[in-house]
Amino acid sequence: MNFSSMDYFVMVARERSFSRAAERLHITQQTLSAHIAKLEGELGTKLLVRNIPLELTYAGEVFLEYALDLQRRVNSLEREFQDISENQRGLLRIGITYTRGDIVMPPLLMRFQSRYPNIAVRLVGDINANFFGLLENGEIDLAIAPFPAAAPGIELVDFYQEEIVLLVPKDILARLGAEPGSGAFARIENGDLSPLQDCPFLLASTKEINGEIGYSLLRKSGVVPVPKVESYNSTVKTQLILAALGAGACFCPQNMVHATLTPQQRDRLQVFRLGEEGRCMIQIGYLKQAYPWSVITNFIRLAQEMSGEFEAKK
């Protein structure tokens, strides 16, 4: 048995497909199948049920746990000796949502790679809810996201505070009789969103923080929205541009508004701040390891130095 066969098995287990796993491993499907068959022969049991999609047998589930643990140990060994020899090289894999990545990663990576030019970075875009599994499986080294209070096995470090705001096209407010100076406008400013009962909304999934906050605040005000556009695992940019075109109201990070829209587009929208209910702490999470890789530590330190650049604008 060799490390390559274990790595190949882990990839097959993740992808649940020989063809997709072979593509990611840059080997032929026949080569991959031969490795898995040899591994099953050495272990004396089947690891996979070759259905579509592939399924793990009980033995396969047990072997996967050992293989993942071995991968983590080998990675820790390699990284510790890189630090000992002061030869910081390797690949840092970062999980981040597409929207937040648009804001955070360009300035952060430029600064990081100017300091650590021998570290390559791989950005893995996904929704917040999936980052736990990616960290636990060793598919990413750290994630930038709003994590729940309890994160077993995950080390969490505060990064910056994000503020979600409500954007409503001004012409829609006028149509609803909620223009500035009206009682309805004042109610919205004070957190009562009921004047927006007939407003078209552009809403994200509740698996995203802006969707979770948006739906929660609407329910609190007794508003049952009928979304004109629903977004799942997509960027907020589309919602912002549609809002600027007058299609509907949306909830989004305030810093994304300034990063995406022109001053002329922003002038078409009324921004409502949502108080403490619209704020959330963005954290950096990484798997607890026996040896903390200095590259992760250095990345976190740099991110915290730059946190003020991503805070909500006053």
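Arg16 lies in the loop between α1 (3-15) and α2 (18-25), where helices are DSSP runs of H or I with at least four residues and strands are runs of E with at least two, numbered from the N terminus. The model is predicted, so that local features need pLDDT of at least 70 and side-chain atom pairs count only at pLDDT 80 or more, while totals for chains, interfaces and linings use all residues. Residues are numbered from 1 along each chain as its sequence is written, and side-chain values use heavy atoms, with hydrogens and water left out.

**Backbone features in loops**

The phi of Arg16 is near 55°, a positive value in a residue other than glycine, and Arg16 counts as partly exposed because its relative accessibility is 31%; on this scale buried means under 20% relative accessible area, exposed over 50%, and partly exposed in between, with a 1.4 Å probe and protein chains only. His26, which is not a glycine, has a positive phi of about 60°. His26 belongs to the loop between α2 and α3 (29-43), and with a relative accessible area of 72% it is exposed. Another loop, between β1 (48-49) and β2 (55-56), holds Pro53, and the peptide bond that leads from Ile52 to Pro53 is cis, with omega near 0°.

**Aromatic rings**

A search of the whole structure finds nine aromatic pairs, counted for rings of Phe, Tyr and Trp (its six-membered ring) whose centres lie within 6.5 Å, with planes under 30 degrees apart called stacked, over 60 edge-to-face and the rest tilted.

| Pair | Centre to centre | Angle of planes | Type |
|---|---|---|---|
| Phe159 and Tyr160 | 4.9 Å | 85° | edge-to-face |
| Phe159 and Phe310 | 5.7 Å | 70° | edge-to-face |

The pair of Phe159 and Phe310 links distant parts of the chain, since Phe159 is in strand β6 (residues 154-169) and Phe310 is in the segment after α13, 151 residues apart. Phe159 is buried, with a relative accessible area of 5%, Tyr160 is buried at 1%, and Phe310 is buried as well. Elsewhere, Phe112, Tyr116 and Phe299 form one aromatic cluster.

**Arg301 in helix α13**

Arg301 is placed in helix α13 (residues 294-305) and is partly exposed, with a relative accessible area of 44%. A polar contact of 2.9 Å joins its side chain to that of Asn298, the term meaning a pair of N or O atoms within 3.5 Å, of which, within protein, one must be able to donate a hydrogen and the other to accept it, residues adjacent in sequence counting only if both atoms are side-chain atoms. From C-alpha to C-alpha, Arg301 and Phe159 are 9.5 Å apart in space, although 142 residues separate them in sequence.
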